[in-house]
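Here is a short briefing for a first look. Please keep the sequence and the 3D view open while reading.

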Amino acid sequence: RELMKKKNIWVFDLDGTVIDSSHRQITNKDGTLNLDLWRHNSTRSKIFKDKLLPLGEFMRMLVATKDQIVWICTARELSKDDLDFLDKKGLLVKTILSRKKGDTRKDWQLKRGLLKRMINLKNCSAERILFYDDNSFNRKAVKSLGIRVGDQHGNIR
């Protein structure tokens, strides 16, 4: 717990932030993600066609240093195939906050709730956390906790 109080915590979203999984994303007429088709397209072979975005390379560098605290916070329901992909790409971390099966909260509600719980659980200062996400609603919700936020390009907002 002492360590958590002193070091910065880097938190990364996956899709659209560190991973380009757009080849698997189908949207509904209103522009929202079609979750049923997303799940259908989450096969091992399709997951392993995902590519790292530039911020993914930065995340991989942080993970490789072994002295940084790096978390993942994603709205995905993670499978073994997702974890295998993260491991292969050097992005597998100890702390992964993700959607549990049956959790239907909007992404911003989910991520805000998961991070708020972790702040309380780890007794860490929100100011020490830097959260990267491509979605402005997620950034706004997380920023309301006092957490610093950045976009998918690494720009701190």
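Predicted model: local features only at pLDDT ≥ 70, side-chain atom pairs only at ≥ 80, totals over all residues.

Residues are numbered from 1 along each chain as its sequence is written, and side-chain values use heavy atoms, with hydrogens and water left out.

**The sheet**
- Five strands form an open sheet, ordered S5-S4-S1-S6-S7, with parallel pairing.
- Helices (H or I, at least four residues) and strands (E, at least two) are DSSP runs, numbered from the N terminus.
- Two strands pair if DSSP finds at least two bridges between them.
- Strand S5 (95-97) and strand S7 (148-150) are the edge strands, each pairing on one side only.
- From one strand to the next, the twist averages 25°.
- Strand S1 (residues 9-12) runs parallel to strand S6 (residues 129-132), and four bridges join them.
- Ile9 stands opposite Ile129 in S6.

**Helices on the sheet**
- Helix H6 (residues 107-122) lies across S1, strand S4 (69-73), S5 and S6.
- H6 runs at about 145° to S4. Axes are lines fitted to C-alpha atoms, for helices over the stretch in contact, and angles run from 0 to 180 degrees between N-to-C directions.
- Helix H7 (residues 136-143) packs on the sheet and touches S6 and S7. The direction of H7 makes about 165° with that of S7.
- Contact means heavy atoms within 4.5 Å.

**Positive phi in two loops**
- Lys66 is not a glycine, yet has a positive phi of about 65°. Lys66 lies in the loop between helix H4 (54-65) and S4.
- Lys66 is exposed, with a relative accessible area of 72%. Exposed means over 50% relative accessible area, buried under 20%, partly exposed in between (1.4 Å probe, protein chains only).
- Asn123, also a residue other than glycine, has a positive phi near 50°. Asn123 is in the loop between H6 and S6 and is partly exposed, at 42% relative accessibility.

**Arg99**
- Arg99 sits in the loop between S5 and H6. Arg99 is buried, with a relative accessible area of 9%.
- The Arg99 side chain reaches the backbone oxygen of Ala75 at 2.8 Å.
- A polar atom of the Arg99 side chain lies 2.9 Å from the backbone oxygen of Arg105.
- Not counting residues up to four places away in sequence, Arg99 touches residues including Thr74, Glu77, Asp107 and Leu110.

Terms used: Polar contact = N/O pair within 3.5 Å; in protein donor to acceptor, adjacent residues only side chain to side chain.
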